[in-house]
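Morning, everyone. Please bring the structure up on your screens, and let's walk through it together.

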Amino acid sequence: MSRTLERSAAQAPPAAVGRVPLLILIPAFGALAVLLLPLIGLFVRAPWSDLVEHLTSTGVTTALRLSLTTATISMVVCLILGTPLAWLLARVDFRGRQFVRALVTVPLVLPPVVGGIALLTTFGRAGVLGKPIYEAFGYQVTFTTTAVVIAQTFVALPFLVLAVEGALRSTDRRYDEVAASLGASRWWTFVRVTLPLAGPGIISGAVLAWARRSASSAPRSRSPATSRAPPARCRWRSTTPTRPTHPARSSSVCCCWRSVWGCWRRCGSVGSAG
Amino acid sequence: MTTAPPEPNGKGLDADITARRGDFEVHAEIRVRPGQVLALLGPNGAGKSTLLRVLGGLTPLTAGYVRLDGRALDDAAAGVRVPVAERRLGTVFQDGMLFPHLTVLDNVAFGPRHAGRTKREARAVAAEWLERTELTEFSDRRPSALSGGQQQRVAVTRALATDPDLLLLDEPMSALDASAAVAVRRFLSRHLASVEAPSVLVTHQALDALELADHVLVIEHGIGVQEGPPADVARRPRSSHVAALMGLNLLRGRADGETVRLAGDSTLVPPGRADGDVFASFRPSAVTLYTERPHASARNVWPGRVDGIAPHGDVLRLHLDGPVPLLADVTPAALADLNVGEGDPVWASVKATEIDVYPA
């Protein structure tokens, strides 16, 4: 009885609080227009007549398949690595938590070119990790599917970690206490209580990250040749990154990161005070 | 303030707790024998729940110890703090806190499952418990499909199914409406009787303590202010809060044989000889009201002013303001005869034989 009352109350139109003000409605539609107009432009100019032919051409299908496969693999990698990190950020009070959270968001605010250079100087054949790997195993990471997965994971992991951390924070922490008081260890509490309760949030985070990845690899998918390139944008500097750009890039990284960290610290302190 | 001493063999709960709650310190010594129920009674914010959280391992103590059946769960001096999951507790929380993603059966099976049983065994134990608590019909439902009272009964069953060494109940009736609270209280009184472990019940309702507890420890401002069997605490309260909970008038004063000197130059005549600091308590129904100063035999007569009138069961309860603030119960007919309303002056009298005087 009371349940049906609650439901009907929730569904009733909120007439009591009045109409939606025009001052809110107009900018909201403006925002929609900004988001949708470029898409409409794209659809208008799309070569609809020979679309099927284009989509089924070998080049495009190979590119699409590569794009979807790598996006899915990196989603799994993101979930396996990102969910535990999100849990640490959401549930464990450790020194430097705000700092770690700021680090997580760095790839989000990096200019794409800087991200590409960062990956290349790490995993390239002469890179910090790439060189020892090449010398030990004769394996070159760049220009492989692995490279694409690494690049996509690098780009998408922040989305997943932030989304999952939000989902974990919004689940009632007291359920963790209940589980512990019923004898569940922290691991089993995580597996049997925290994960299922945060499930919807984790899934939406994963989907968002997956979509972000498939999208970010799309520009490279125009021809099979470039699609194989890890961040295509890196290739133009691949072998010898010109020295002078390096400090410039690093300083822009520092600036972005500083501002993000400051922002998070403020948000974080507000959050933990509540 | 200490409760009953533990059994000589060390069985039961023995705790001496000092902990912080926000900006004040909570301190109490808590002793409960196996199979007994201790009620921590007190107003909201007194620190009762903090004590329960310390016992449950959710809040650290700053000094003292918690020992259960001779095993140290907490010891501030020795740096011992057994993790929550290893304390073998059964806990019932204020608003049930059933896992929303699990069925009633799996909620109850959660404890047994983490005590090392297989999924099938845990479910068998859970089914057995649900049968014992007559909740089998809800086994396959999600908590959201149950009423608040049903959820709380499942929560109690879930706690009992862990076969706990210590049962903790944190205001289990406070989130329920009146009729559901009655049902859950009856349910608890039936099933707590078969619990062999010591139980600690936190409540701000006198009725919960009277009906469910073997022993009561009254907590105010973070410390124990009174302890004893529920009936004694109810009859002879030692704080205005408990007196108000029990619906009694409580006065404090200094006795010199024949009279008790109260605050504000008033006096009270005790039923017998009394000396030193004393409490005097009497029921609101023992107060008789007059519009003029009575010359009758009652020697305890105080002036006052009607500060408020509210229905209380079959009678009306009047709050009297004056040198001796009182509660007085009168029938609606008697009030009509008196013809007084809020703000009117009255005389209140109480027969000495109706007053219970005991040392403070």
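Let's begin with a term. A salt bridge here is a side-chain nitrogen of Lys or Arg within 4 Å of a carboxyl oxygen of Asp or Glu. Now look at B:R53 and A:E177. Their side chains meet in a salt bridge, at 2.9 Å from N to O. Keep in mind that this is a predicted model.

How many salt bridges does the rule find across the interface of chain B and chain A? It finds 2. Polar contacts next. Between chain B and chain A, 3 residue pairs are in polar contact, with both residues at pLDDT 80 or more.

Which elements give two or more residues to the side of chain B that touches chain A? They are β7, residues 89-92, and α2, residues 104-114, both of chain B. The most comes from α2(B), with 4 residues. By class, that side of chain B has 10 nonpolar, 6 polar and 4 charged residues.

Now the whole interface. In contact are 20 residues of chain B and 18 residues of chain A. The area buried between the two chains is about 1,800 Å². Carbon and sulfur atoms give 65% of that area. On the chain B side, B:M97, B:H101 and B:H114 lose the most area to chain A. Together they account for 31% of what that side buries.

Last, chain B by itself. Chain B has 9 helices and 21 strands. Its C-alpha atoms fill a box of roughly 80 × 45 × 35 Å along the principal axes. Of its 360 residues, 52% count as buried.

That's my tour. Questions, please.

How values were computed:
Residues numbered from 1 in each chain as written. Chains lettered and ligands numbered in written order. Predicted model: local features only at pLDDT ≥ 70, side-chain atom pairs only at ≥ 80, totals over all residues. Heavy atoms only, no water. Contact = heavy atoms within 4.5 Å. Buried area = accessible area lost by both parts, 1.4 Å probe. Polar contact = N/O pair within 3.5 Å; in protein donor to acceptor, adjacent residues only side chain to side chain. Nonpolar A, V, L, I, M, F, W, Y, C, P; charged D, E, K, R; others polar. Buried < 20%, exposed > 50% of the residue type's maximum accessible area, 1.4 Å probe, protein only.
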